[in-house]
Every structure is written in C-alpha cells, then in structure tokens.
Amino acid sequence: MGCNPGLPFSGLFLCPKNIALDQLHANYRPKSFLLDLNQVTTPEIDRLISDEFPFPWVLKPVARERGVGVEKVTNYQALEHYAKQAQHNEVLVQEFLTH
C-alpha cells in the first residue's frame with residue numbers, strides 16, 4: 001500500500017475529499033463544490049440548481065470513508081431530505097457522470 005505525503009494522514013483516512021481531488025488535473029475530475037448543509041435553502045443554491053449545476057448530484061461527506069453517507073440526489077426535495085438526515089454539515093457536491 002502506498003501513501004501520499006502531500007495529503008493529511010497520507011490520504012489513508014480522514015482526508016478531506018476536496019483536497020485529494022485538487023491533486024488531479026481539472027480534466028480528470030468531475031465539476032464539484034463544497035456545500036454547507038445548513039445553507040441548502042439559500043438563493044445561491046437555487047441559482048446553482050437552475051443555471052450552473054443541474055441535478056443529479058452526488059453528495060459525499062467531506063471527511064467520511066468507505067462510501068458512508070454518499071448519495072445521489074435527483075431533485076431539490078431529495079437534497080433537503082439528505083440535509084435533514086445527515087450526521088455531518090459539509091458535503092462535496094459532484095456532478096453525476098455516466099461515463
């Protein structure tokens with residue numbers, strides 16, 4: 001097993017996903033942004049949904065491991081439900097890729 005000295009804990013655990021993804025060239029990573037789940041109802045989210053970042057989204061807790069808390073949401077109601085049920089405040093939101 002290798003390690004990466006450029007990542008917290010060598011990338012083995014509790015490494016924020018956005019930091020690990022930032023190590024990749026932009027051509028090789030999905031469009032993404034960080035979202036505070038306490039801010040789900042803000043006008044900024046409405047603008048993202050309608051203009052720049054349409055659903056579906058893949059939500060990933062920033063500092064969880066092994067797929068815990070990862071979910072695909074296909075609409076605003078699913079996003080609200082996820083935010084209410086989540087045991088964390090910050091997620092990495094990624095576009096859903098089919099290839």
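This short report walks through the chain as a whole and then one of its strands, E2.

## About the model

The structure is a predicted model, in which local features need pLDDT of at least 70, side-chain atom pairs count only at pLDDT 80 or more, and totals for chains, interfaces and linings use all residues. Residues are numbered from 1 along each chain as its sequence is written, and side-chain values use heavy atoms, leaving out hydrogens and water.

## The chain at a glance

Let's begin with the overall layout. The chain holds three helices and four strands, and from the N terminus on its elements follow the order α-β-α-β-β-α-β. Here helices (H or I, at least four residues) and strands (E, at least two) are DSSP runs, numbered from the N terminus.

Of the chain's 99 residues, 29% are buried, meaning under 20% relative accessible area with a 1.4 Å probe, protein chains only. Take the contacts (heavy atoms within 4.5 Å) between residues at least 6 apart in sequence: 58% of them join residues at least 24 apart.

Now look at strand E2, residues 57-61. Four of its five residues are buried, so the rest of the structure largely encloses this strand.

E2 pairs with strand E4 (residues 90-95) in the antiparallel sense, over five bridges; two strands pair if DSSP finds at least two bridges between them. In this pairing, tryptophan 57 stands opposite glutamate 95 of E4.

Strand E3 (residues 71-73) also runs antiparallel to E2, joined to it by three bridges. There, leucine 59 has glutamate 71 of E3 as its bridge partner.

Notes. Buried means under 20% relative accessible area, exposed over 50%, partly exposed in between (1.4 Å probe, protein chains only).
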